[in-house]
Amino acid sequence: MSSSFPVRRTSSSEGDSQPMIDVRKRKRMLSNRESARRSRIKKQQQLDDLINQEAQLKSQNSQIAVQINLVTEQYNKVESENAVLGAQLRELTERLQSVNSVLHFIEEFSGMAMDIPEIPDPLLKPWKLPGMVQPVIANSNVVRF
């Protein structure tokens, strides 16, 4: 009796190829899993590094902000002192001019020769002080943190 279904015969080489394919497939799956695991570890390490870098940058930022505040306070203090000194200079210059004016008046009406000191030009023009011929050059060591 013949059956309507064809009988398929497998040779020994065909039967052996299926387990070989399964072995290769299993190896590839294991290799892919290992590669994925290494990729996840690498990604996590990169994330950890970025988190550490963020913390370090935030710390540096805080330190710089504190230093900026200190330098700003110093600047404001020096600016305030400079304003006081400028006001004192103007007041003393005005007093000296008044005293010289009185001395000139006395000299003119008394006929006596008086040694009236001239007001030094730098007092009248403080931006042209004698010691300030050379420009002020700042370097990176001026402000220390």
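This is a predicted model: local features need pLDDT of at least 70, side-chain atom pairs count only at pLDDT 80 or more; totals for chains, interfaces and linings use all residues.
**Exercise 1.** With which residue does Arg 38 form a salt bridge, and how far apart are the closest N and O atoms?

*Solution.* Residues are numbered from 1 along each chain as its sequence is written, and side-chain values use heavy atoms, with hydrogens and water left out.

Step 1. A salt bridge requires a side-chain nitrogen of Lys or Arg within 4 Å of a carboxyl oxygen of Asp or Glu.
Step 2. Arg 38 meets this rule with Glu 34, the closest N and O atoms being 3.8 Å apart.
Step 3. The two residues are four residues apart in helix 1, and so are separated by about one helical turn. Helices are DSSP runs of H or I with at least four residues, numbered from the N terminus.

**Exercise 2.** Determine which residues are linked with Glu 34 in a network of salt bridges.

*Solution.* 
Step 1. Glu 34 also forms a salt bridge with Arg 37, at 2.5 Å between the closest N and O atoms.
Step 2. The network therefore links Glu 34, Arg 37 and Arg 38.

**Exercise 3.** Locate the salt bridge of Glu 91.

*Solution.* 
Step 1. The side chain of Glu 91 meets that of Arg 95 at 2.8 Å, N to O.
Step 2. Both residues lie in helix 1, four residues apart.
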